[in-house]
Amino acid sequence: MNLTYKLLASHLVSGTLEAGKEIALRIDQTLTQDATGTMAYLQFEQMGCDHVQTELSVSYVDHNTVQVGFENADDHAYLQSVAQRYGIIYSRAGNGICHQLHLERFGKPGKTLIGSDSHTPTGGGIGMLAMGAGGLDVACAMAGQPYYITCPRVVRVWLTGELRPGVSAKDVILAVLARYGSSGNVGRVMEYAGPGLASLDVPSRATIANMGTELGVTTSIFPSDEETRRFLRAQRRESDWVPLAADDDAEGTYEETFELDLTRVEPMAACPHNPGNVATIDSLAGMAVHQVLVGSCTNSSYRDLKTVALMLAGRKIHPSVSFGVAPGSRQVVLELMREGLFEKLVEAGARILENTCGFCIGNHQSPGTNAVSLRTSNRNFEGRSGTKSAQVYLVSPETAVAAALTGKITNPTCLECPPPVRFPERFGIDDSMFLFRDTAGVGVPETEIIRGPNIGTVPGGSPVPDSLKTEAAIKVGDKITTDHIMPAGARLKFRSNVPKYATFVFEGVDPTFHDRCIANRDAGIGNIIIAGDSYGQGSSREHAALCPMYLGVRALIAKSIERIHAANLINFGIIPFLFENPADYDTIEQGDKLEIDELAPALKTGDTVTIRNSRTGTAFRVRCTLTDRQRGILLAGGLMAQSKAK
């Protein structure tokens with residue numbers, strides 16, 4: 001077996017390991033963050049469990065730590081009380097970013113992990129089968145239910161050689177993105193192997209696995225080897241190590257092999273406005289830069305920030321550049337302080353930001369009008385930074401520092417770069433900001449759940465009707481992200497108040513969408529979204545399905561849909577149709593009245609449905625390939641509605 005199928009086999013609850021077939025997996029660990037976790041725990045509360053049923057569940061606060069207004073503070077109080085009540089470890093605001101912290105303190109090779117954040121595959125860097133999921137799927141896993149995915153095809157990325165000074169793991173994953181793009185990879189897993197692995201430490205592997213999410217794959221995974229063991233030993237968790245690798249004769253089990261010589265990898269950048277829009281730094285060299293930000297769950301490790309500190313030692317940030325650093329965890333900060341390196345950042349002129357996601361999700365540090373911003377984060381969707389006109393480039397820490405020093409995009413191999421950073425034999429360990437470790441998995445039943453005025457209820461869906469009269473409420477193009485659908489940044493503070501948050505659906509695309517949907521919903525007319533390829537890229541944010549459901553959206557018709565978003569649509573009772581003939585997309589206009597007869601019977605018995613367009617007087621066919629389990633969820637009006645009915 002390849003490594004992916006070994007881990008799938010060891011956690012298989014039902015189904016067969018045949019690519020394209022639905023399988024159910026036992027989940028060992030879950031994680032949430034505060035932007036998506038609040039709704040996940042509201043859903044978990046409705047399931048009636050006394051405590052979580054997983055080996056380990058952790059609630060991190062790392063997204064909405066900027067507290068303008070009462071909403072975020074109230075939500076954090078809710079999260080803390082829920083964690084204590086149900087046996088969940090709680091990571092306080094300021095402790096660090098969920099993926100960095102989980103890698104440091106809880107990740108275990110060979111375990112399964114799902115998280116209500118699309119970058120949960122970071123755990124693949126340590127040999128976990130780690131996947132992003134919607135909050136409702138995470139809630140179900142905490143209740144002891146299996147997690148359903150399509151059994152994947154596996155691509156082997158065969159690494160040889162060794163990276164040159166000034167080139168790092170971010171450039172590796174950008175090279176993979178240049179080969180495979182940011183769409184068309186649904187149902188794949190990227191499995192890394194080859195002699196080149198020996199030169200990549202766990203933080204580097206985690207960077208590659210983290211940003212592998214932008215490929216649209218199910219997850220990415222690395223073997224667990226002596227390098228993994230060394231990392232866990234440094235974290236004083238060597239007992240968690242197990243060796244894991246593909247079988248020697250597994251070559252025939254891969255869909256394909258992509259050979260990548262690390263020696264030939266160049267410094268790269270993802271250009272505006274998509275992580276798959278990759279170019280070499282040399283082709284961009286000389287462009288003036290206004291802002292440089294280092295951090296996010298992709299590049300905020302000890303390895304990354306020590307490299308930055310060493311490159312900045314004795315130098316000053318260019319006067320035209322605003323330079324900020326957001327460490328991934330308190331451990332990273334404390335280790336740099338012990339080594340006398342943290343002061344190098346401050347002396348150089350860096351703005352020290354909180355140990356959070358922050359700028360990555362547009363919660364602060366928005367660039368100026370038309371500014372060029374270089375960031376070590378993983379997404380550069382238009383407007384995600386908080387400034388729609390900004391040009392955001394995704395780069396390595398080395399390239400970021402080179403630009404911060406010179407004021408322009410500069411190839412870091414032209415500068416004096418430090419030797420590869422090795423992490424210490426033993427990290428200093430301070431877990432004091434992880435609460436409720438002593439009651440993990442058991443909980444404290446008498447805990448009072450704190451519910452501020454921003455804590456709402458989970459709206460429910462309604463069963464699929466026999467026939468449906470709808471309106472094409474909006475028509476959008478290709479690569480519509482969950483940020484397009486459900487804005488992040490300052491809007492995230494309304495995440496636990498669905499009626500309020502729903503007022504911002506498609507805000508940056510068509511601000512009239514909400515009012516139009518409400519009018520149709522109240523008139524008994526369903527709403528349909530028409531979309532192109534790769535709809536639902538990006539975040540696992542289930543609100544991108546939950547809020548449209550609240551607005552009366554009954555179906556989506558697209559050319560293709562990304563994995564996590566498709567699952568979220570089904571969970572909230574929105575039918576994910578695909579055009580049988582993609583050319584039919586061009587025949588539909590926003591505002592068209594679309595009618596479907598015998599909808600419920602069609603979903604029960606087949607995959608194809610006929611839709612009539614009253615404006616054109618024509619009909620077209622769509623398909624909805626579903627498993628029996630998914631049919632049941634949709635027909636009931638969503639997973640929560642189905643659970644309540646049972």
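This is a predicted model: local features need pLDDT of at least 70, side-chain atom pairs count only at pLDDT 80 or more; totals for chains, interfaces and linings use all residues.
Author: Residues are numbered from 1 along each chain as its sequence is written, and side-chain values use heavy atoms, with hydrogens and water left out.

Reader: Why are α10 and α11 called oblique to each other?

Author: The axes of α10 (residues 302-312) and α11 (residues 330-338) come within 10 Å and cross at roughly 40°, where axes are lines fitted to C-alpha atoms, for helices over the stretch in contact, and angles run from 0 to 180 degrees between N-to-C directions. Angles under 35 degrees count as roughly parallel, over 145 as roughly antiparallel, 65 to 115 as roughly perpendicular and the rest as oblique; α10 and α11 are therefore oblique.

Reader: What makes the contact of α10 with α11, and how do its residues divide by class?

Author: Tyr 302, Leu 305 and Lys 306 of α10 meet Val 332, Glu 335 and Leu 336 of α11, contact meaning heavy atoms within 4.5 Å. These residues divide into four nonpolar, no polar and two charged, given that Ala, Val, Leu, Ile, Met, Phe, Trp, Tyr, Cys and Pro count as nonpolar, Asp, Glu, Lys and Arg as charged, and the others, Gly among them, as polar.

Reader: Why are α7 and α8 described as roughly perpendicular?

Author: The axes of α7 (residues 202-211) and α8 (residues 226-234) come within 9 Å and cross at roughly 110°, and α7 and α8 are therefore roughly perpendicular to each other. Their contact is made by Val 202, Pro 203 and Arg 205 of α7 with Glu 227, Thr 228 and Phe 231 of α8, which by class gives three nonpolar, one polar and two charged residues.

Reader: How do you know that β9 and β10 pair?

Author: Two strands pair if DSSP finds at least two bridges between them, and six bridges join β9 (residues 153-160) to β10 (residues 188-193), which run parallel.

Reader: What makes β11 and β12 the edge strands of their sheet?

Author: The open sheet of four strands has the order β11-β10-β9-β12, with parallel pairing, and β11 (219-221) and β12 (256-261) each pair on one side only.

Conventions: Helices (H or I, at least four residues) and strands (E, at least two) are DSSP runs, numbered from the N terminus.
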